[in-house]
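Please open the model in your viewer and keep the selection panel at hand.

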Amino acid sequence: MFSDSKIWVANSASGERLYLEPSMANRHGIIAGATGTGKTITMKVLAESFSDMGVPVFFSDVKGDLSGMCTPGVDSEDMQKRIEKFGIENFTYKNYPTRFWDIFGENGNNVRVTVSDMGPTLLAKLFELTDVQAGVLNIVFRVADEQGLELIDLKDLRAMVSFVGENRAEFSVEYGNVTVQSIGAIQRALLKFEDEGGSNVFGEPMLDIRDFIRTDINGRGYINILSSVRIIQSPAAYASFLLWMLSELFEKLPEVGDVEKPRLVFFFDEAHMLFSDCSKALLQKIVQLVKLIRSKGVGVYFVTQSPSDIPDEVLAQLSNRVQHGLRAYTPSEQKAVRAAANAFRENPEFNTQDALMALGTGEALVSFLDKKGIPSIVENAKILPPQSLMGAAAEETVAKVIQTDEFALKYNEEIDRETAYEIIMAAKKKIEEEKAAEEELKAAQEAEKKAEAERLKAEAEEQKRLAAEERERKKAQAEEQKKLAAEEREEKKRKAAEEKEAQKAQKEKDKKKKEVSKAAQKAVTSATSSVARSVSTNMVNSLLGGKQTSAQTMAKRAATNALSSVMRTGATAIIRGFFGTKK
């Protein structure tokens, strides 16, 4: 509660009011305690007081119960008893100017960040990369920066990682080894983050962190509530995003030095997630931020279960402390309780460690810096009740606040301009088109070459066919000539045979004729001889007359023979002439 120009947080056991000095609020602080001990109420009481004094507040709502800040609290008998116990006069329930934000754009104005703005260090934590993989991611960012490629959203980063992977041989020479395994691991981390809804985180318009630093018309600081119920399921994403916000505040806000009151108070709930598996480089960055952001007028309050969740380098910077009850059932928990107790400036009236173990809900050990910046002695105190609603506001109330928010139009419509993805894809498309054109030209040349080969082949085949036809024709001609020759030979043979047969028949005919002639001649000759002999005999007999002597008989026989021979010779000549036989 804002009272006497100071932040009234609690009352000590003796009834003394415990104040947080506004001029010391940017010296940072810690609100710690086991689950259910009242850390959320303490945050709300502080946030309400900061708002009333005109200081904007940011905190993340990891349980969904901080939306009640936009609604007045509800009176009850228990609340009246608490108010009376604290001696609060004119206690009023009231709402506070509240602005809702949501990384996923579901329960508030869409909060986006560009990939380039978050940077490789936070992204390495966000994607839970190893040191080697984080080194490759640094190379990706370096190449993108040197080639003027903006990394705005996840598709830009994915395209850039692929580009570096595809050209890793070239980049490995200049920047260091880029392995296929590291590229694959980064791409898998991107895919996993995108499947979890991370694509909404990166993009434009990017959140202008200075929009958190606003006051309403009454001068009260806006309470900026980031809906974190969903993103808290991914601790690395939650921690990375809130750390980016702190980085943005550090980079965007000017130096103001020591101020009467903070320009903004930043509550980092579930802070232990920020330091889980935190690399040395990231831890150095956090320590640097916590040390230096005070000079920008920003107070950072880490909210966690145990101070041991916070590294000593950071814990040493947290001067304002509200320690709710701790439970110690194990040796490590008992050690944490001792460490938490020893962090306070001792109060001689009680044992800090014992008191810490005995604190109930709404009670805490409190120590703030005084006006001189000296930690006060620890007090066993009870935290004041909030003036706004304890718990979540009605959904329709939250929806109305979101709909009437002046930043709804600024952040809820995404902008997608030409960045790394579009440029790389256009370059790839151009290369593919050139490759396609080259392939098309090559294909055309191959087709032309093939067509020419086919033409030559066809010509060769045609020539071969014609040659074959010519050979067949010549073969057929040869066969025909051979056939004709054979037929001619057969004809000659036939004619020769016929001639031979004719000759033979002629010979036979001549032979028969000769035989007939010879027979006829013989017969004629015989007949002639007989006639000639008979005629000769008759002529001789006529000449010689009657009986003859032996001498006459002999003369007669001789004359008959001679005359018969003469007549036979003449007859033979006549017959030969008749039959045409040679002599």
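Select helices α4 (residues 131-146) and α6 (residues 168-175) of this predicted model. Their axes come within 12 Å and cross at roughly 95°, and α4 and α6 are therefore roughly perpendicular to each other (a term for angles of 65 to 115 degrees). Axes here are lines fitted to C-alpha atoms over the stretch in contact, and angles run from 0 to 180 degrees between N-to-C directions. Next, display the side chains of I139, R142, V143 and E146 in α4, which meet F171, E174 and Y175 in α6 (contact means heavy atoms within 4.5 Å). By class, this contact has four nonpolar, no polar and three charged residues.

Now select helix α8 (residues 235-252) and helix α10 (residues 280-292), which pack at about 45° with axes 10 Å apart. On α8, highlight L243, L246, S247 and F250; their partners on α10 are L282, K285, I286, L289 and L292. Seven nonpolar residues, one polar and one charged make up the contact of α8 with α10.

Finally, show the whole protein chain, with its 17 helices and 13 strands (DSSP runs of at least four residues, H or I, and at least two, E, respectively). Of its 583 residues, 44% count as buried (under 20% relative accessible area, 1.4 Å probe).

Residues are numbered from 1 along each chain as its sequence is written. Local features need pLDDT of at least 70, side-chain atom pairs count only at pLDDT 80 or more, totals for chains, interfaces and linings use all residues, and side-chain values use heavy atoms, leaving out hydrogens and water.

Terms used:
Ala, Val, Leu, Ile, Met, Phe, Trp, Tyr, Cys and Pro count as nonpolar, Asp, Glu, Lys and Arg as charged, and the others, Gly among them, as polar. Buried means under 20% relative accessible area, exposed over 50%, partly exposed in between (1.4 Å probe, protein chains only). Angles under 35 degrees count as roughly parallel, over 145 as roughly antiparallel, 65 to 115 as roughly perpendicular and the rest as oblique.
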